[in-house]
Amino acid sequence: MKFGIVVNEGPYQHQASDSAYQFARAALAAGHEIFRVFFYHDGVNNGTRLTVPPQDDRNIVERWSELATENELDLVLCVAAAQRRGLLDEGEAQRNGKDADNIAPGFRISGLGQLIEAAVQSDRLVTFGD
Amino acid sequence: MSEEGTIKKLMYVNRKAPYGTIYALESLEVVLIGAAFDQDVCLAFLDDGVFQLTEGQNTDGIGMKNFSKTYTALGDYEVTRIYVERESLEARGLSETDLQELTYEDEDDDWAEKPSLHIVGSDELAQLMAEQDVVFSF
Amino acid sequence: MLHLINKSPFERNALDSCLRLAQDSHAVLLFEDAVVAAMDGSAQAECLQEAMNRLSVYVLGPDLEARGLPKERIVEGLEVIDYDRFVALTCEHDTTQSWL
């Protein structure tokens, strides 16, 4: 089965990203494919490499990055939502005259079309949010 | 853009009032972008989502962009089926006359202007929801 | 269709609306804060029991445990599941709807 996963909320504030992560791990363990994880609204905040959570807490961003590396996942941050919230990759930073970029490994920035495509191409779309 | 031959039934379910959170605005964004994918699309407004369609929104006093007129342009994006749950309207003291008029031009009928907004009861909405391949939740 | 509910019915109307619009034989999964709806003797229990006559209702075990709600005290007939079964449920149903 091919899954599309949508994460609508940022890390730590809501359980959405945690639930999506647990779901993704279980799906991969069961031998399913994850076509794409699309981060939307405040969910784009899951993709900043600058988070520094306390040592005794889970590192939500790193956890996604590692899962992506291990399983070649496509983690996509919605570009409009990301720009509004100060999430920039190198290209976006240059284009917008900003002095830094902050995208974590394994994530990429792209448009809303990627969400529609995930919905059309996946067998199942599962959304996690507030 | 989509894989040839793949046409899915997509429903956008809107359950939140506008402006208090960004979901209503973002839902519109996805609908507009999604129009290019030639899927079988419909929109549902229920619970506080019915407030997204009210006539006469004025955001001057809150300093936010008024996006309510965009709903009237949905017909140009071939979004021709917009469902509003009657029970949600009634529970909030609203009726159809409080909502914007939404129409589309039917190319199969000499571009006649037709209403795209339909007030439906819970039973009918439930039936429509159950038929979908994908539900986008806002 | 599999309906996902993640909010407490004491805080939001997601469960209410879902039960109003879910068709017979659909499935409902309570997870995150929605697991509080599963407690037997709660103000929601009766409504949940009624729903279970026509819908399959599941509750996510890890979220119950995290909130200190013992399985022994949830509404009788509710099925407690883990993440593996959550994934399996999404496969068994053609469409998943999140009531956010």
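This is a predicted model: local features need pLDDT of at least 70, side-chain atom pairs count only at pLDDT 80 or more; totals for chains, interfaces and linings use all residues.
Figure 1. On the side of chain C that touches chain A, α4 (83–92) and β5 (96–98) of chain C each contribute at least two residues. The largest share, 6 residues, comes from α4(C). By class, this side of chain C comprises 7 nonpolar, 5 polar and 7 charged residues. The contact draws 19 residues from chain C and 19 residues from chain A. About 1,500 Å² is buried between the two chains, and carbon and sulfur atoms give 55% of that area. The interface of chain C and chain A also holds 3 salt bridges. One of them joins D94(C) to R124(A), with the closest N and O atoms 3.6 Å apart.

**Figure 2. Salt bridges of D130(A) with chain C.** Side chains of opposite charge can pair when their charged atoms come close. D130(A) forms a salt bridge with K7(C), in which the closest N and O atoms are 3.2 Å apart. This pair crosses between chains: D130(A) lies in the segment after β5 of chain A, and K7(C) lies in the loop between β1 (2–5) and α1 of chain C. D130(A) also forms a salt bridge with R12(C), the closest N and O atoms being 3.1 Å apart. Because R12(C) belongs to the loop between β1 and α1 of chain C and D130(A) to the segment after β5 of chain A, this pair likewise joins two chains. D130(A) has a relative accessibility of 16% and therefore counts as buried. K7(C) is buried, with a relative accessible area of 7%, whereas R12(C), with a relative accessible area of 27%, is partly exposed.

Figure 3. The relative accessible area of T127(A) is 7%, so the residue is buried. Leaving aside residues up to four places away in sequence, T127(A) touches V6(A) and N8(A) of chain A, together with L4(C), S98(C) and L100(C) of chain C.

**Figure 4. The interface of chain C and chain B.** Here 15 residues of chain C are in contact with 19 residues of chain B. The area buried between these chains is about 1,300 Å², with 49% given by carbon and sulfur atoms. R20(C), L21(C) and L100(C) supply 39% of the area that chain C buries against chain B, more than any other three residues. There are 10 residue pairs in polar contact between chain C and chain B, both residues having pLDDT of 80 or more. Two or more residues of the side of chain C that touches chain B come from each of α1 (14–21) and β5 of chain C. The element that gives the most is α1(C), with 4 residues. This side of chain C divides into 5 nonpolar, 8 polar and 2 charged residues.

**Figure 5. Salt bridges around R20(C).** Chain C and chain B are joined by 2 salt bridges. R20(C) forms a salt bridge with E85(B), where the closest N and O atoms are 2.7 Å apart. Both residues belong to a network of salt bridges that links R15(B), D47(B), D48(B), E85(B), R92(B) and R20(C). Over all chains, the whole structure has 29 salt bridges.

**Figure 6. Helix α2 of chain A and its packing.** Helix α2(A) covers residues 60–71 and has 12 residues. From its first C-alpha to its last it reaches 17 Å, close to the expected 16 Å. The buried residues of α2(A) are I60(A), V61(A), R63(A), W64(A), S65(A), L67(A) and A68(A). They pack against β1 (2–7), α1 (16–29), β2 (33–39), β3 (75–78) and β4 (107–110) of chain A. After α2(A) comes E72(A), whose phi is positive, near 50°.

**Figure 7. The salt bridge between D74(A) and R36(A).** The side chains of D74(A) and R36(A) meet at 2.9 Å, N to O. The pair links distant parts of the chain, 38 residues apart: D74(A) is in the loop between α2 and β3 of chain A, and R36(A) is in strand β2 of chain A. Both residues, D74(A) and R36(A), are buried.

**Figure 8. Helix α5 of chain A.** Of the 9 residues of α5(A) (residues 113–121), 8 are buried, so the helix is largely enclosed by the rest of the structure. The buried residues are G113(A), Q114(A), L115(A), I116(A), A118(A), A119(A), V120(A) and Q121(A).

Notes: Residues are numbered from 1 along each chain as its sequence is written. Chains are lettered from A and ligands numbered from 1 in the order in which they are written. Side-chain values use heavy atoms; hydrogens and water are left out. The expected span of a helix is 1.5 Å times one less than its number of residues. Buried means under 20% relative accessible area, exposed over 50%, partly exposed in between (1.4 Å probe, protein chains only). Contact means heavy atoms within 4.5 Å. Buried area is the accessible area (1.4 Å probe) that two parts lose on being put together, summed over both. A salt bridge is a side-chain nitrogen of Lys or Arg within 4 Å of a carboxyl oxygen of Asp or Glu. Ala, Val, Leu, Ile, Met, Phe, Trp, Tyr, Cys and Pro count as nonpolar, Asp, Glu, Lys and Arg as charged, and the others, Gly among them, as polar. A polar contact is a pair of N or O atoms within 3.5 Å; within protein, one must be able to donate a hydrogen and the other to accept it, and residues adjacent in sequence count only if both atoms are side-chain atoms.
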